[in-house]
Amino acid sequence: MATPADAELVLKLYEMRREDTLRRARRFLVFDFHPKTLEELRAVSRDIKAEHNAYWRQALSFWEMAAALVLRGALDADLFLDTSPEGILIYAKYHHFHVETEKQSGNPFMRQTAALIAKYPAAQALHEAFLKSFAAAKAST
């Protein structure tokens, strides 16, 4: 059950998301970046000199930090999942590009978010809903 301290932390995370650079990074990943191939994704995710690489790293590290807070018990999972589904959306949007590289390297994409999805049925439901939404959008284009 969520506590007042959990509510404070959720509000702090929200405040952090409003910071201008993080807001631009989140917008880029959620709305502006639509790679069609693994190579297009890697041109942003792996090239530290790429214009949007900092956005990639900042948004992913923010959501990974937030997921870790939940996994370590610092933040109520239900409250977090009710108020902050964007990390799971990003995972759903980009994970399919990483399936093969995960097998080769053993390094999971968004490790903390993946663990959150595996651990909490509400996170799994969000993930599945986002996957369906992306599939429907792809089918209509």
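Guide: A residue is called buried under 20% relative accessible area, exposed over 50%, and partly exposed in between, with a 1.4 Å probe and protein chains only. This is a predicted model, in which local features need pLDDT of at least 70 and side-chain atom pairs count only at pLDDT 80 or more, while totals for chains, interfaces and linings use all residues. Residues are numbered from 1 along each chain as its sequence is written, and side-chain values use heavy atoms, with hydrogens and water left out.

Visitor: Why is R26 called buried?

Guide: R26 has a relative accessible area of 15%. The limit for buried is under 20%, so R26 is buried.

Visitor: What makes E86 and R26 a salt bridge?

Guide: The term requires a side-chain nitrogen of Lys or Arg within 4 Å of a carboxyl oxygen of Asp or Glu. In the pair E86 and R26 the closest N and O atoms are 2.7 Å apart, so the pair qualifies. The two residues come from distant parts of the chain, E86 in helix α6 (residues 86-94) and R26 in helix α2, 60 residues apart. Helices are DSSP runs (H or I, at least four residues), numbered from the N terminus.

Visitor: Is E86 buried or exposed?

Guide: E86 counts as buried, because its relative accessibility is 17%.

Visitor: How do you know that D20 and R24 form a salt bridge?

Guide: Their side chains meet at 2.8 Å, N to O, and the cut-off is within 4 Å. Both residues lie in helix α2 (residues 20-32), four residues apart, about one turn of the helix. D20 is partly exposed at 47%, and R24 is partly exposed at 38%.

Visitor: Why is K103 called exposed?

Guide: K103 has a relative accessible area of 61%, and exposed means over 50%, so the word applies to K103. Its salt-bridge partner is E100, at 3.4 Å, N to O. E100 counts as partly exposed, at 46% relative accessibility. Both lie in helix α7 (residues 99-105), three residues apart.

Visitor: How many salt bridges are there by this rule?

Guide: The count comes to five.

Visitor: What makes a set of residues a nonpolar core?

Guide: The members are buried Ala, Val, Leu, Ile, Met, Phe, Trp, Tyr and Cys residues, joined through side-chain atoms within 4.5 Å. The largest such core here has 39 residues, and Y94 is one of those that touch the most other members. Helix α4 gives the most to this core, with ten residues.
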